[in-house]
Amino acid sequence: MKIEKTDIIHSLYNATNVGWDEVNNKWLASDANGNAINVVSADVDAEYAKQNYKNQRMLEYPSLEEQQDMQYWDAVNGTTTWKDKIAEIKTKYPKPS
């Protein structure tokens, strides 16, 4: 599942409702009681940047069906095609420390 900035806001602020105010170019968020939450865009952008590797990996991973097929043929042929492909993608888009 792709990570969106709305996901980040829900996570950072425990927000129940999140939206974008196009007129004022800012995030709007509220908690479960309807209380407004002050969203700091810089914090959202920084956290999104840290987690964006997940989106990049997701775009390059083969489908689950393809991965299962790779695993099957690796087991039959004694190869490491699947592990090599996954390692290549994880190396290309490393998880930040």
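Glu 47 and Lys 50 both lie in helix α2 (residues 41-60), 3 residues apart, or about one turn of the helix. Their side chains meet in a salt bridge at 3.3 Å, N to O; the term stands for a side-chain nitrogen of Lys or Arg within 4 Å of a carboxyl oxygen of Asp or Glu. Helices (H or I, at least four residues) and strands (E, at least two) are DSSP runs, numbered from the N terminus. The model is predicted, with local features requiring pLDDT of at least 70 and side-chain atom pairs counted only at pLDDT 80 or more, while totals for chains, interfaces and linings use all residues. Residues are numbered from 1 along each chain as its sequence is written, and side-chain values use heavy atoms, with hydrogens and water left out.

**Salt bridges**

- The whole structure holds 4 salt bridges, among them the pair Glu 47 and Lys 50.
- Glu 47 is buried, at a relative accessible area of 18%, whereas Lys 50 is partly exposed at 48%. Buried means under 20% relative accessible area, exposed over 50%, and partly exposed in between (1.4 Å probe, protein chains only).
- Glu 60 and Lys 92 form another salt bridge through their side chains, at 2.9 Å, N to O. This pair links distant parts of the chain, with Glu 60 in helix α2 and Lys 92 in helix α4 (residues 81-92), 32 residues apart.
- Glu 60 is partly exposed, at 26% relative accessibility, and Lys 92 is partly exposed, with a relative accessible area of 49%.
- Within helix α4, Lys 85 and Glu 88 are 3 residues apart, about one turn of the helix. Their side chains meet in a salt bridge of 3.6 Å, N to O.
- Lys 85 has a relative accessible area of 26% and is partly exposed; Glu 88, at 45%, is partly exposed.

**Nonpolar core**

- The largest nonpolar core has 9 residues: Ile 3, Ile 8, Ile 9, Ala 15, Trp 27, Ala 29, Ile 37, Val 39 and Val 44. Two or more of these residues come from each of the elements α1 (5-13) and β2 (26-30).
- A nonpolar core is a set of buried Ala, Val, Leu, Ile, Met, Phe, Trp, Tyr and Cys residues joined through side-chain atoms within 4.5 Å.
- In soluble globular proteins, nonpolar side chains tend to be buried together.
- Trp 27, a member of this core, is in contact with Lys 5, Thr 6, Ile 9, Val 18, Gly 19, Trp 20, Val 39 and Ser 41, leaving aside its neighbours within four places in sequence. Contact means heavy atoms within 4.5 Å.

- Helix α3 (residues 64-77) has 14 residues, which at 1.5 Å a residue should span 20 Å; the end C-alpha atoms are 20 Å apart, so the two values agree. The expected span is 1.5 Å times one less than the number of residues in the helix.
- Gly 78 follows α3 and has a positive phi, near 70 degrees.
- Tyr 72, Trp 73 and Val 76 form a nonpolar patch on the surface, with about 320 Å² of accessible area together. Patches are made of residues with over 30% relative accessible area and no salt bridge, where like charges are joined within 9 Å and nonpolar side chains (Val, Leu, Ile, Met, Phe, Trp, Tyr) within 5 Å. Accessible areas come from the Shrake-Rupley method with a 1.4 Å probe, and for residues only the protein chains shown count as cover.
- Val 76 is in helix α3 and is partly exposed, with a relative accessible area of 45%.

**Loop residues**

- Asn 14, in the loop between α1 and β1 (17-21), has a positive phi of about 55 degrees although it is not a glycine. Asn 14 is exposed, at a relative accessible area of 63%.
- Asn 25, in the loop between β1 and β2, is not a glycine but has a positive phi of about 50 degrees. At 55% relative accessibility, Asn 25 is exposed.
- Tyr 61 lies in the loop between α2 and α3 and is partly exposed at 25% relative accessibility. Apart from neighbours within four places in sequence, Tyr 61 is in contact with Gln 67, Ile 86, Ile 89 and Lys 90.
- Tyr 61 and Lys 5 are 56 residues apart along the chain, and their C-alpha atoms are separated by 22 Å.
- Val 40, in the loop between β3 (36-37) and α2, is partly exposed at 34% relative accessibility. Val 40 and Pro 62 are 22 residues apart in sequence and 36 Å apart in space, C-alpha to C-alpha.
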